[in-house]
Amino acid sequence: MTVNPSGWRPEAPTNDIDAAPATFTGNKALMLEEALLFEIGSIDRTGVDLPEPPKVASRLNGLERNRTIGLPGLSEPEAVRHYTRLSRQNYGIDLGFFPLGSCTMKHNPRLNEKMARLPGFADLHPLTPVDGTQGALALIHLVGEWLKTLTGMPGIAMSPKAGAHGELCGLLAIRAAHEATGDARTTILVPESAHGTNPATAAFAGYAVESIPATAEGRVDLDALKAKLGTHVAGVMITNPNTCGLFERDMIEIADAIHAVGAYLYCDGANFNAIVGSVRPGDLGVDAMHINLHKTFSTPHGGGGPGSGPVVFSEALAPFAPLPFVEQHGDAFVLVEEETVAEEHHEKAFGRMVAFHGQMGMFVRAAAYMMSHGADGLRQVSEDAVLSANYILRSLEDVLDAPFGASGPCMHEALFSDDGMAPGFSTLDIAKGLIDEGFHPMTMYFPLVVHGAMLIEPTETESKAALDQFIGALRSVAERAKAGDPALKAAPIHAPRRRLDETAAARKPVLVYKDPPLATAAE
Amino acid sequence: MRYLPLQPEDRQAMLGVIGASSVDDLFVDVPAAARLDGPIRDLPMHQSEQAVERQLTALARKNQAASDQPFFLGAGAYRHHVPASVDHIIQRGEFLTSYTPYQPEIAQGTLQALFEFQTQVARLFGCDVANASMYDGSTACWEAIVMARRITKRGKAILSGGLHPHYVSVCTTMARFTGDVLETSLPSLEGSAEKEMAKLIAAVDGETSCVVVQNPGILGRIADLSELAAACHAKGALLVAVVTEPVSLGLIRSPGEMGADIVVGEGQSIGVGLNFGGPYVGLFACADKHVRQMPGRLAGETVDAAGQRGFVLTLSTREQHIRREKATSNICTNSGLCALAFTVHMTLLGEKGLRDLATLNHALAVEAVEVLTKVPGVELCSDSFFNEFILKLPKEARPVVRDMAEKGVLGGVSLGRLYPGVEALEKGLVVAVTETTTRDDVQALAAALEEALA
């Protein structure tokens, strides 16, 4: 037993948090309030030291700034504290379970971060003469080869900046392929359960979008798809495994039907984590698929990016992949850009999607991840991801409605609906209740084909103990929602903020800080 | 395997709950022909952290990092000193391993930082509002053209010859598929900012949705955009300004101040680093009245149920997850962590630091011009410039750049690389000078140039 020299003895608290007096600062011990930069900084304060510039005659064409910009600064200790305090109001994978369906929030290995910061990668200019970039080009080539092998597809475009950008890349390759044969097609078919980026991308690429219904068991309605197919259809975008968490078991037949009318099969690869190392999309008849390196290959999401969305292509589409790309010629690596297109026999390349060569920093991280796992580890990744999702599905289907629970095993995501909640209680309340339990909520209200959808993606990087704790918490919150516990409507009560008024935010948008009028500021 | 917590006994217990005898039962919907029977052949098996580190470090060593030698590359990506605390902050797990802030009660850190980012970008660009970032400058540029099309309901954009050729290439690639008409032209070593403005003013007409102009331009020149803005507005067109070197705005009047309606840019210079071209961070700002036509995410201020100020993602009815094919853009993931790096660096600079940094960049560039134009046969083609200028060499620049690189000086970007096959530009060398450039570096470049030209 430890000695307590102060003589103080703990007592059970007698009052709850709400009854506690407000603190002078508004802080609650480790939960620290932090003002905006614009309220604490000033334009003459700085956290950098710079040498005195030499005196020269300005060459700015007389366009010097003559007004203040309004950019407050902070000294380094103030800046570090400001952003550290802000960071503590955020939930991240490092803190706990983050089962956001469709987003694959897996552990982000720190080796990846270390490797991406090696000066040879991080401090390398994109227009360095290619002889001085052989290691970087080798790395891009290496990641491309891994992705081609893992998907069983022969072509690749590495430059797309994120998943939706990869979708765009795939659709533009499809358009270029049709145009090359003088075949002007107008339409892309998209299942109604698709990610919003699919129809948005098709429209951004200049296509009309038509929707394909789902069957009662949550899969693409093959007959309805066949009825919509025709020579006006350029391609079909299928997510497999789909957003209901199910494998499209008719995928090969779907591909055959699409190819029979001269259209292409685009696969949304957002859910590749369910099948990596276990199934190759190339064996299913896919013509193009983007891969979110920030999902399957563990590059960090960083609060909304940066992502990276390389696209793999079938034989038919590979020649249309955009610039630039890396090729191995003997021991050397060549960067094929605009000027070398013709001589390298890539004249079908549809153009360029980004300045420079893509998300190098993400390629390095993905390479570290792939090499660490190897072929055996990646297979284990998909198996454990699928196992964990099924474990959640079967552990909770007695308390939550699983609309496709009878459709067979799920893949890496478990889908529930809000059926059976007390009147006035919905998915939102369950999500906010989970926040108080210390979890990041699941994806809410997506896919749209299920009422009050809750899409739970555990990933392979959670222990059984973590899964069990989540299952217990979700069971408890679901039971409260079914019983109509009014306290749940107030959740979260332990987060840095209570429920935020999103309607007010949209009605009268305040998107930048406005300095208070001078009279007020002087007070 | 170090990243996989499940143990064999866990897997057995979980299979028991599921009622499956093996994990194969869970893949039963996969066509038998497509299910692999074991780890993919042709790929190596798993490796230790040390083994991976060894291989990747060996690859990194095969590259000529900027800090390895005198370095003068720019043309849309700039080497600046990034304070150590920037990388420390963005590596905090709460920022690094968080997602898009869909649950605002536990994402106030990201949301407030984005609100600060939006305010900093809007003020820097001289615009009312900015979004929470795009992928990079080039894709932001195309999105601005699409936005101008939506606002003006016109399909023709005029791109200045001073626009970065990769940006032009991205836009022409997209326009080929969307049916937008783009008028493009090449820059000229003999031209000037004023001549370019006059050309654009003459070109804008009643069918023009927007004029896109980069400032400073790819040849380094700095233009007064005011007259061009007025000419655009007189014809019902918008002026889109592109900034690839945001540090320049510490000294130069902002495009918004000069009348630009949409200002986009590449934020890499502030906080992000070179990264061989990515990830970078696209900046996007505009006037209040156009905000509902803007692409990308927006953080906005609101209050919570207890009346406390907080931030949320807002105006999402513009976005793909709500509007699907009617969205303003297909963008979903943006460049959040790079936006955070930008904001932390900008906060460390503050207005004073940014002005001082810009002044230092410009002064060192002016000094470098004086030294480099003394090399026989070398002349300056940028009548005005910030920290980047064009030298015209007496011969093709591309082999000169290669020559110098072999001798340990990364002396600039040849226009031949950026404009392959354009003879009129092949003698041009883009030279960038920043606060990281020393006087010794400049002397080394002068010597290397002289030797390569001899």
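A crossing of two helices is left-handed if the near helix is turned anticlockwise from the far one by less than a right angle. In this predicted model, the crossing of α5(B) and α11(B) is left-handed.

**The α5–α11 pair of chain B**

Two packed helices are described by the angle between their axes and the distance between the axes. Helix α5 of chain B covers residues 108-125 and helix α11 of chain B covers residues 336-372; their axes come within 9 Å and cross at roughly 65°. On the α5(B) side, the residues that meet α11(B) are B:T110, B:A113, B:L114, B:E116, B:F117 and B:Q120. Their counterparts in α11(B) are B:G336, B:A339, B:L340, B:F342, B:T343 and B:M346. By class, this contact of α5(B) with α11(B) holds seven nonpolar, four polar and one charged residues.

**Chain B as a whole**

Chain B contains 14 helices and 13 strands. Its radius of gyration is 25 Å, close to the 22 Å that the globule rule gives for 454 residues, so chain B is as compact as a globular protein of that length. The C-alpha trace of chain B spans about 80 × 55 × 45 Å along its principal axes. Of the 454 residues in chain B, 63% are buried. Among contacts in chain B between residues at least 6 apart in sequence, 74% join residues at least 24 apart.

**Domains of chain B**

Chain B is divided into domain 1, made of 67-82 + 351-453, and domain 2, made of 84-345. The C-alpha centres of domain 1 and domain 2 of chain B lie 27 Å apart. The contact draws 31 residues from domain 1 of chain B and 30 residues from domain 2 of chain B. On the side of domain 1 of chain B that touches domain 2 of chain B, α11 and β11 (388-392) each supply at least two residues. Helix α11(B) gives the most to that side, with seven residues. By class, this side of domain 1 of chain B has 17 nonpolar, nine polar and five charged residues.

**Local backbone features**

| Feature | Residues | Angle |
|---|---|---|
| cis peptide bond | A:N240 to A:P241 | omega near -5° |
| cis peptide bond | B:N215 to B:P216 | omega about -10° |
| positive phi | A:F356 | phi near 65° |
| positive phi | B:D42 | phi about 75° |

In chain A, A:P241 is in the loop between β4 (233-239) and α9 (251-260). In chain B, B:P216 is in the loop between β4 (208-214) and α9 (226-234).

The positive phi of A:F356 occurs in a residue other than glycine. A:F356 is placed in the loop between β9 (332-336) and α10 (360-396) of chain A. A residue is buried if 20 or more other C-beta atoms lie within 10 Å of its own. A:F356 counts as buried because it has 26 C-beta neighbours inside 10 Å.

B:D42 likewise is not a glycine and has a positive phi. B:D42 lies in the loop between α1 (8-18) and α2 (49-60) of chain B. The cut-off for an exposed residue is 12 or fewer such atoms. B:D42 has 8 other C-beta atoms within 10 Å and is therefore exposed.

Terms used: Residues are numbered from 1 along each chain as its sequence is written. Chains are lettered from A and ligands numbered from 1 in the order in which they are written. This is a predicted model: local features need pLDDT of at least 70, side-chain atom pairs count only at pLDDT 80 or more; totals for chains, interfaces and linings use all residues. Helices (H or I, at least four residues) and strands (E, at least two) are DSSP runs, numbered from the N terminus. The radius of gyration is taken over C-alpha atoms; the globule rule is 2.2 Å times the number of residues to the power 0.38. Two residues are in contact if their C-beta atoms, placed from the backbone, lie within 7 Å. Axes are lines fitted to C-alpha atoms, for helices over the stretch in contact, and angles run from 0 to 180 degrees between N-to-C directions. Ala, Val, Leu, Ile, Met, Phe, Trp, Tyr, Cys and Pro count as nonpolar, Asp, Glu, Lys and Arg as charged, and the others, Gly among them, as polar. Domain bounds come from an automatic or database domain assignment.
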